[in-house]
Amino acid sequence: MEALDLKWIRGQFPALTQKINGQPAIFFDGPGGTQVPGSVLDAISDYLVRSNANAHGAFATSARTDALIIAARTAIADFLGCHSDEVVFGANMTTLTFTLSRAIGRTLQPGDEIIVTRLDHSANVSSWEALAEQGAVIRYVDVKLDDCTLDINDLEQQINSRTKLVAVTYASNAVGTINDITAIVKLAHAVGALVFVDAVHYAPHGPINVHALGCDFLACSAYKFFAPHVGILYGKREHLANLQPYKVKPASNEVPSRWETGTLNYEGLAGVVAAINYLAKLGCHVSPTIDQELVSALIEADKEGLEHFHCPRFLTSAEQPSHEIASAYHSRRAAIVAAMSAIQQYERELSHKLISGLLEIPGLTIYGITDPQRFAWRTPTVAIRLQSKSPESIARALGDRGIFSWHGNFYALNLTEKLGVESDGGLLRLGLVHYNSVEEIIQLLQALKEIGRD
């Protein structure tokens, strides 16, 4: 596998050319939402010009919308490693999680238990806490304060025969910790409990294979992986069929449409397909064994419209009979995995540079994993505090220098309270993605040193 071509990557993202106070903007705000490739902008515009109509009509623009919905489900199936009828779209991850929690709530009896964690974004906590109103017992898994990792021993003690669901994050949006989802799924399934995974923060940082993980549900948000605002829910077929969502009577009873309330964000779906195709093209760049037929199909889709992605040999690998797979690289899925694997490796190098530099700054505290030998268990999202400086004041000082970061609790309220920083401004969060560079990290470190001396 070849190294990432950062020049080519950055050339795909028009927003990266911005300047603030005469300085090139540095986007370390990725965990709050990433920038998008130009092809995503083009796809959104193209949809609104050529295909802007509601679904299921007897005319051309509506037929294009129908084709786009299929293309979007297939693209996300390739991204997550699932079947296209296991993909649900919605406004955002939070809305979809509440939708699912209400449906699961219909199956619960008083005294049934749900496990959440203190490492999670509140969307994966509050959605399940709401079920306490109908008698569910909510249990909380603690975190280890020294490295902000989940206390698996505590989870093992909490889980029992009354546990009906474990809700856990794939990776912490506040401190970057990656959880061992496969191990957690095994613990939950051993007692017959379902597992819901919040992959919003993890999605732009590494490959996802929901069938390999074994989770029952997984949610993510497209605007965190280089696309517009679209919520995404994976659910095992049998669960999407057997659970009863709240819906209006005329709406479809088909899976997965029965889970999608109201009209979908079609132009957003066009952007999602373009973002997935961007990742596939990146995979073609880093892996010379990717077949050129896939490359040609992606280029043609860019030119002719995203509903025209037709390349039979590159069906979703999860749906393709094994005897038809001539090699591991005969699918768009394989190209995406190649891209995400290369991104993961590159981002670990960025983590080394960032964390080693931060550790050299006097008075600076890092919350999370700092041991390079354990960087496989973190994303390049780093939470810090700087002695005598509030997170907001640091964020503003960095912003004046054209360096974008986030401050506060990032909706990981249970974690900032546990760390004892919630009442004092929370944390400063530095979030890198694959379009960031070592040179940008060097500028950040210099700026933090200057701010610390002021």
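Is His-205 buried or exposed? I looked that up first. His-205 counts as buried, because its relative accessibility is 5% (buried is under 20% relative accessible area, exposed over 50%, partly exposed in between, with a 1.4 Å probe and protein chains only).

Ground rules, before I go on. I am working with a predicted model, where local features need pLDDT of at least 70, side-chain atom pairs count only at pLDDT 80 or more, and totals for chains, interfaces and linings use all residues. Residues are numbered from 1 along each chain as its sequence is written, and side-chain values use heavy atoms, with hydrogens and water left out.

**His-205**

I found His-205 in the loop between strand E10 (194-198) and helix H8 (210-213). Helices (H or I, at least four residues) and strands (E, at least two) are DSSP runs, numbered from the N terminus. The His-205 side chain makes a polar contact with the side chain of Glu-347, at 2.7 Å. A polar contact here is a pair of N or O atoms within 3.5 Å; within protein, one must be able to donate a hydrogen and the other to accept it, and residues adjacent in sequence count only if both atoms are side-chain atoms. I then listed what His-205 is in contact with (heavy atoms within 4.5 Å), leaving aside neighbours within four places in sequence: Met-340, Ile-343, Gln-344, Glu-347, Thr-379, Pro-380, Thr-381, Leu-432 and Val-433.

Axes are lines fitted to C-alpha atoms, for helices over the stretch in contact, and angles run from 0 to 180 degrees between N-to-C directions.

The axes of H10 and H12 come within 7 Å and cross at roughly 75 degrees. H10 and H12 are therefore roughly perpendicular to each other (under 35 degrees is roughly parallel, over 145 roughly antiparallel, 65 to 115 roughly perpendicular, the rest oblique). On the H10 side I noted Ile-276, Asn-277, Leu-279, Ala-280, Leu-282, Gly-283 and Val-286; H12 brings Arg-332, Ala-335, Ile-336, Ala-338, Ala-339, Met-340, Ala-342 and Ile-343. That contact of H10 with H12 divides into 12 nonpolar, 2 polar and 1 charged. Ala, Val, Leu, Ile, Met, Phe, Trp, Tyr, Cys and Pro count as nonpolar, Asp, Glu, Lys and Arg as charged, and the others, Gly among them, as polar.

How do H3 (residues 60-80) and H12 (residues 332-358) cross? Their axes come within 8 Å, at roughly 50 degrees, so H3 and H12 are oblique to each other. Thr-74, Ala-75, Asp-78, Phe-79 and Leu-80 of H3 make the contact with Arg-332, Arg-333, Ile-336 and Met-340 of H12. I get 5 nonpolar, 1 polar and 3 charged residues for H3 with H12.

Phe-226 is not a glycine, yet its phi is positive, near 75 degrees. Phe-226 sits in the loop between strand E11 (217-221) and strand E12 (231-235), and it is buried, with a relative accessible area of 0%.

Phe-410 also isn't a glycine and has a positive phi of about 55 degrees. I placed Phe-410 in the loop between strand E16 (406-408) and helix H14 (413-419); at 10% relative accessibility it counts as buried.

Where is the cis bond? The peptide bond from Val-255 to Pro-256 is cis, with omega near 5 degrees. Pro-256 lies in the loop between helix H9 (237-242) and helix H10 (266-286).

Ala-251 lies in the loop between H9 and H10, and at 27% relative accessibility Ala-251 counts as partly exposed.
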